[in-house]
Amino acid sequence: MSNEMVQLRVTPGRPAVMQSEDPQLVYLLVEASPAGIPDTGINVPVNLTLVLDRSSSMRGERLFQVKEACNQVVAKLHRQDYFALVAFNDRAEVVVPCQHPNNPDQIKRLIGAVEARGGTEMATGMVLGLQEIGRPMLSRGISRLVLLTDGRTYGDESRCVELARRAQAKGIGITALGVGDEWNEDLLETIAAAENSRTEYITSSTQIVQVFAEELQRLHSVLAQQVEVRLHTIPGLEIRSLYRVRPFIAAMTPVPHSDSLWRMPLGDWTGREDQAFLIEATVPPLALGPQTLMRIELRYEVPSVSSQPLASTIDVTLPVKSPEQVSPDVDGVVKHWLERTVAYRLQASAWEHVERGNIEEATKKLRMAGTRLLEAGQGALAQTVQEEATRLLRSGSASDEGRKRIKYGTRGLMASERGK
């Protein structure tokens with residue numbers, strides 16, 4: 001284990017590599033702990049813009065809870081922070097222009113005047129949201145666009161993704177929140193499939209206030225910025241897949257920069273929770289004895305500690321042994337995350353087959369995911385998966401609620417699981 005501000009630990013799937021003339025599959029669980037970073041965080045301004053659905057389906061309890069959530073966010077902002085609010089239906093309006101929260105009562109009056117009506121065109125809201133979040137000229141800060149919807153946007157999905165990528169390229173993180181069962185989870189997941197971004201399923205209106213409060217708390221507790229994983233590998237080693245498994249499961253895309261260097265930007269490190277990643281790699285034939293497979297490097301910036309980028313490193317060295325000396329058993333912790341990652345991948349593959357009309361194959365993938373979840377002790381979620389597999393086989397489609405529960409349940413981001 002390294003002694004830097006961020007401590008790295010690697011657990012291999014098996015304690016040794018088998019000597020073979022063929023490439024072999026190796027699993028590595030990489031855990032990063034911010035134990036050495038001060039609790040004070042980096043103390044930089046938060047530049048927050050909320051882009052909120054106010055279509056007619058938001059009328060009533062949902063809009064009431066959204067307004068309450070916004071009011072509580074305004075009350076908890078720091079003087080140095082920036083806040084803006086954009087509301088959209090089939091058109092968009094800047095409700096609260098970007099400003100410091102110096103006049104919270106006036107901001108709350110503007111929030112209270114928002115009414116629900118009309119259809120849903122998300123891109124119009126994102127355009128104005130990016131306009132407002134770009135107003136502060138911050139040399140240092142954390143910019144976050146929080147997007148909330150309860151319905152499907154029509155005809156502008158590709159535009160939404162384009163706007164999200166433009167924002168993310170400028171270092172603006174996006175939190176995409178879906179309320180209820182009618183919104184397009186594929187779109188929100190695509191929007192959030194980049195560094196510094198995430199998506200969450202809010203099953204009940206009563207959870208909106210808590211979700212917003214937790215989001216602001218995360219932004220106020222950023223420990224490090226410009227976080228990046230670098231994998232320096234031996235010749236012939238290939239990274240087949242890389243998944244973040246903590247704090248939630250998500251596919252990551254390491255970019256090869258040379259034959260021996262893979263880089264993966266992560267953005268900001270929010271909260272004190274450990275980060276963990278599951279690497280699936282193939283290693284080339286190796287000679288007997290200890291072999292260093294790769295050096296894992298985590299780069300990050302902590303402005304309150306140093307004006308220069310910091311780094312933590314750890315070498316992954318495993319013994320190469322003859323086949324009869326290598327146990328087939330997988331480490332228990334690695335197996336725990338591998339089972340959950342496989343279940344996540346299987347259900348994702350199932351929905352891809354549904355889109356292509358391969359209902360029988362989709363059903364097969366879902367049933368396999370259910371078996372994995374059951375083996376992992378996730379009985380309730382496994383039952384939901386099996387029920388939706390049966391529904392899919394009988395009717396050719398899954399329920400909106402069931403699909404969302406499976407997708408967000410397997411990645412560990414369901415708001416209904418909060419606090420369990």
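Predicted model: local features only at pLDDT ≥ 70, side-chain atom pairs only at ≥ 80, totals over all residues.

Modeller: Residues are numbered from 1 along each chain as its sequence is written, and side-chain values use heavy atoms, with hydrogens and water left out.

Colleague: How many helices and strands are there in the protein?

Modeller: Helices (H or I, at least four residues) and strands (E, at least two) are DSSP runs, numbered from the N terminus. The protein has 10 helices and 17 strands. The radius of gyration, taken over C-alpha atoms, is compared with the globule rule, 2.2 Å times the number of residues to the power 0.38. Here the radius is 23 Å, close to the 22 Å that the rule gives for 420 residues, so the protein is as compact as a globular protein of that length. Its C-alpha atoms fill a box of roughly 75 × 60 × 35 Å along the principal axes.

Colleague: What percentage of the residues is buried?

Modeller: Buried means under 20% relative accessible area, exposed means over 50%, and partly exposed lies in between, with a 1.4 Å probe and protein chains only. Buried residues make up 53% of the 420 residues.

Colleague: Which residues have the most contacts inside the largest nonpolar core?

Modeller: In soluble globular proteins, nonpolar side chains tend to be buried together. A nonpolar core is a set of buried Ala, Val, Leu, Ile, Met, Phe, Trp, Tyr and Cys residues joined through side-chain atoms within 4.5 Å. The largest one has 40 residues, and those with the most contacts inside it are Leu231, Ile279, Met294, Ile296, Leu298 and Tyr300. Strands that each supply at least two residues of this core include S1 (7–12), S10 (222–233) and S16 (289–301). A second, separate core of 35 residues includes Cys70, Val73, Val96 and Val222.

Colleague: What does tyrosine 300 touch?

Modeller: A contact means heavy atoms within 4.5 Å. Not counting residues up to four places away in sequence, tyrosine 300 touches several residues, among them Glu4, Val6, Gln226 and Leu310. Of the contacts in the protein with a separation of 6 or more, 76% are between residues 24 or more positions apart.

Colleague: Is threonine 11 buried or exposed?

Modeller: Threonine 11, in strand S1, is buried, with a relative accessible area of 16%. Among the residues that threonine 11 touches, not counting those up to four places away in sequence, are Tyr27, Leu29 and Asp331.

Colleague: Which peptide bond is cis?

Modeller: The bond from arginine 246 to proline 247 is cis, with omega near 5 degrees. Proline 247 is in the loop between S11 and strand S12 (250–252).
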